[in-house]
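These are my notebook entries on one protein structure. I set down what I looked up, entry by entry.

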Amino acid sequence: MPETNNRKPLRVVVVSIGRSGTSLFARILDEVLGVDFGDEADHIPRNHNNPDGYFENAAFLAFNDRVLQAAGGWVLEPPPIDYAQRLDVVVRHQLVTEASHLLGRYAADKPTFGWKDPRLSFTLPIWRTACPDIVPIIAFRKPYSVLSSIGAQLDRPIESLAGLWFRYYQHVFTHTEGLPRYFASFDQLLTDPASVVRGMAQHLGREIDEKALSRQLAEIVKPQQSRHSSAKIASNRPSVLDLATTDLYDYLIESVGLEGGQPDPTHLHRLLGL
């Protein structure tokens, strides 16, 4: 398993709206790059939607739900972006303390540790206070594919989810500002997994076993599987997507590339309307 060259513990979060390949990224981080996502016994169980596992700590997920409840939101209804500043001081302190305890319980003795949950898009301000040195891996996928998958999973019309992708990334980019974040396209991971993984490895200071890389990725990344494929549509700008969403996605694809380029913060702010 790769070793980090950093003496300081490496703490990685995979953050994104759901159905964006976060479980796939987490598996690669865990099995290829040696970022420990904990014991599977502590994860939410595999199911037909994700037979390879979610790599999501159940206690962390339950905690994120409590944060969202305090913030007045849920997974399909993002809270205000500045909710953390609006929280009662005592409530905020209790949440940060609980996040610290969870990290102490599951990660204290680990030189590397990672966690993921789509709710992190909203709850990251609490985690960031508890663990200031986290490194976010920001996954993104074609908005129509994401919303189609969420709609199918929850039996909701895609029209009812309009704008959700954009609102998630307003939170994601705001809450990760100033951190050493890495942008990773799920769609590019499917077409050239080795380049994307090498980019992540370089960003995290992890070593790759080049001899084993192709074999490892062939076992993990399977574009032919429906859950790894992107929905095919006749138009690149379906009517259900608003212009803000398509413009943001187009800019991310253009600026990030295969090896995790950094979007211009000023232009990103402009696109986010912040």
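**Entry 1: the largest pocket.** I looked up the volume of the largest pocket and noted about 650 Å³ of space. On a 1 Å grid over the protein atoms alone, a pocket is an open set of points where a 1.4 Å probe fits, with protein on both sides within 12 Å along at least five of seven lines. The volume is the space filled by probe spheres set on the points, which are joined across faces, edges and corners.

**Entry 2: the basis of the values.** I recorded that the model is predicted, that local features need pLDDT of at least 70 and side-chain atom pairs pLDDT 80 or more, and that totals for chains, interfaces and linings use all residues. Residues are numbered from 1 along each chain as its sequence is written, and side-chain values use heavy atoms, with hydrogens and water left out.

**Entry 3: the lining.** I found 33 residues lining the largest pocket, with Gly18, Arg19, Tyr54, Pro118 and Gln153 nearest its centre; a lining residue has an atom within 4 Å of a point. I noted that helices H1 (22–31), H6 (143–154) and H7 (164–175) each supply at least two lining residues, and that H1 gives the most, with four. Helices (H or I, at least four residues) and strands (E, at least two) are DSSP runs, numbered from the N terminus.

**Entry 4: two residues with positive phi.** Arg19 lies in the loop between strand S1 (10–15) and H1. I read its phi as near 65°, a positive value in a residue other than glycine. Arg19 counts as partly exposed because its relative accessibility is 22%; buried means under 20% relative accessible area, exposed over 50%, and partly exposed in between (1.4 Å probe, protein chains only). Phe55, in the loop between H1 and helix H2 (58–71), also is not a glycine and has a positive phi of about 60°. Phe55 counts as buried, since its relative accessibility is 10%.

**Entry 5: Gln216.** I located Gln216 in helix H10 (residues 210–220). Is Gln216 buried or exposed? Gln216 is buried, because its relative accessible area is 18%. Leaving aside residues up to four places away in sequence, Gln216 touches Glu31 and Val32; contact means heavy atoms within 4.5 Å.

**Entry 6: the whole protein.** I noted twelve helices and four strands. Of the 274 residues, 53% count as buried. The C-alpha atoms fill a box of roughly 55 × 50 × 40 Å, taken along the principal axes.
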